[in-house]
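Try each task before you read its solution.

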Amino acid sequence: MSTTIGRNEKCPCGSGKKYKKCCGKGAVVQLDQMLDKELKDLQANIIRYTWSNYEDEIQNYLQEHYDNHPVPDEATEVFEFCALTWFATSHLKNGKTVMDDYLDTYSKTISRPKVKEMAEAWRNSYPSVFRAINLDNGKVLTVEDSFTKETYPVKLLEQEYLPEQGDLLMATVLPSEPAVFLGTFFNIPANFADEIEKEILALYEKTGSGNPKFFMKDSFLIVLDRFMFPEPVTLMDGWEWPSEKHREVAEAYQEYTQELDESKTLVNLGLTLWSQYSEKTNPTIRNPQIYTAALIYLVLSHSPAPVSISQKQLAEAFGISAGSISSKYRDMKKALVDKLQEIEEITTSA
C-alpha cells in the first residue's frame, strides 16, 4: 500500500526537512527537465512540419533574398534555420500561420496539459530584436525589446550557449507562460550591438510601418542579414585612447578615409593600427595632423587601397611638411612591422 506524502510534511528520509525542501525537490527538478524536453521536441516537430509542407514557398522567399543579398555557403544552414522559424510564425495562408495550422492539426496529440497550454499561447508568437539585460541562474534571460523597450523574462530551453549582458539578440518569441524562444537566438556581442541596433531602428523608421511586429514579419530576412553580415563598423565608439590628442588623430583619420572607401575597410584597418601603435609606443603628440597624415600614408601603402596619395599631397592637405610625414611614417612602420607583414600576406593570398 502506497502513501502520499504532503509537500509540507517531514521528509521520510529522516533529514528533518520538509519533503518539498528535500527529496521532493528532486521530483520538481525532474518534472521541469521533462517539460523542457517536451517543449523542445514540440518545437522540432513544428520546424519539420513547416519545411515538409512549405519547402517550395520558403525556397522562393530565400532565393529572392539571395538574389539581392548573397549569403556565403558556410552560413546558409544557420540562415535558413532562422528563416524557418520566421516562416512558421509569420507567413499567413488563408488567414492562418503555419503555427496555427500545425496546432489545429496536432494539438490533440499533446498529452501534458502544461505543454498544451503553452503551445496554444504560441499562436501569438513573433520575431523581434532584443537586448540581453540579465541572466538568472543560466536559465531565465531578461530581455528588453529594442523597438518597444518592454522587458520580460524568457526561459532558455538550451543552456549550452548563453548570451552576455548587453548582447543584441534576434529571435522568435513564443509568448507562453513562461515565454521561450523558438529554436534558438542569433546574437551580436555587446561591443558591436549599439551600431547594429541603431541601423535596424533606422530601417524600421524608414519603412514607416509604425508597428514593430509588422515590420519584423515583413523585413525579417533583411534584418537577419544585417545581424549575420553587418557592415564593417568603425572602432571609435567604446574605445579608450591614451589622451584626447590620440582620439583627435583617430577621428581625423576616420573623417578623411571614409570618403575614400565606402566599405569602411580602410577606416577599420587604420584605427586598428593606430590603436596598436598608441598602445605600443604611447607617443607624446604635439601636432596631431602629422600623425594623421602618416597613418593615412601607412595604410594606403600597405593595403589594396582604391586610391594612391603621395606624401607631398598629404603635406599640402594637412598644412605640414612632407619630411615630418616621412619621419613619422618610418616610425610607425617600424613599430608595426609584424602587423603590416600579416596584412600584406592576407592581401597577397586573397
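**Exercise 1. Find out how the end-to-end distance of helix α6 compares with that of a straight helix, and locate any kink.**

Step 1: In this predicted model, α6 has 17 residues. At 1.5 Å a residue, a straight helix would reach 24 Å.

Step 2: The end C-alpha atoms of α6 are only 20 Å apart, which is short of that value.

Step 3: Now look along the helix for a bend. α6 has a kink of about 80°, centred on S219.

**Exercise 2. Work out whether R226 is buried or exposed, and name a side chain that it contacts.**

Step 1: Locate R226 in α6, which covers residues 212-228.

Step 2: Buried means under 20% relative accessible area. R226 has 14%, so it is buried.

Step 3: Follow the side chain of R226 to the side chain of E199, where the two make a polar contact (2.8 Å).

Step 4: Of the 17 residues of α6, 12 are buried, so α6 is largely enclosed by the rest of the structure. Among the buried residues are F215, S219 and L224.

**Exercise 3. Identify the strands that pair with β3.**

Step 1: Start with β6 (residues 168-174), which runs antiparallel to β3 (residues 126-136) and is joined to it by six bridges. Y126 has V173 as its bridge partner in β6.

Step 2: Turn to β4 (residues 140-145), which also pairs with β3 in the antiparallel sense, over six bridges. Here L135 stands opposite L141.

Step 3: Finish at the hairpin of β3 and β4, with three residues between the strands. N137 takes a positive phi near 60° there.

Notes. Residues are numbered from 1 along each chain as its sequence is written. This is a predicted model: local features need pLDDT of at least 70, side-chain atom pairs count only at pLDDT 80 or more; totals for chains, interfaces and linings use all residues. Side-chain values use heavy atoms; hydrogens and water are left out. Helices (H or I, at least four residues) and strands (E, at least two) are DSSP runs, numbered from the N terminus. Buried means under 20% relative accessible area, exposed over 50%, partly exposed in between (1.4 Å probe, protein chains only). A polar contact is a pair of N or O atoms within 3.5 Å; within protein, one must be able to donate a hydrogen and the other to accept it, and residues adjacent in sequence count only if both atoms are side-chain atoms. Two strands pair if DSSP finds at least two bridges between them. The expected span of a helix is 1.5 Å times one less than its number of residues. The bend at a residue is the angle between axes fitted to the seven residues ending there and the seven starting there.
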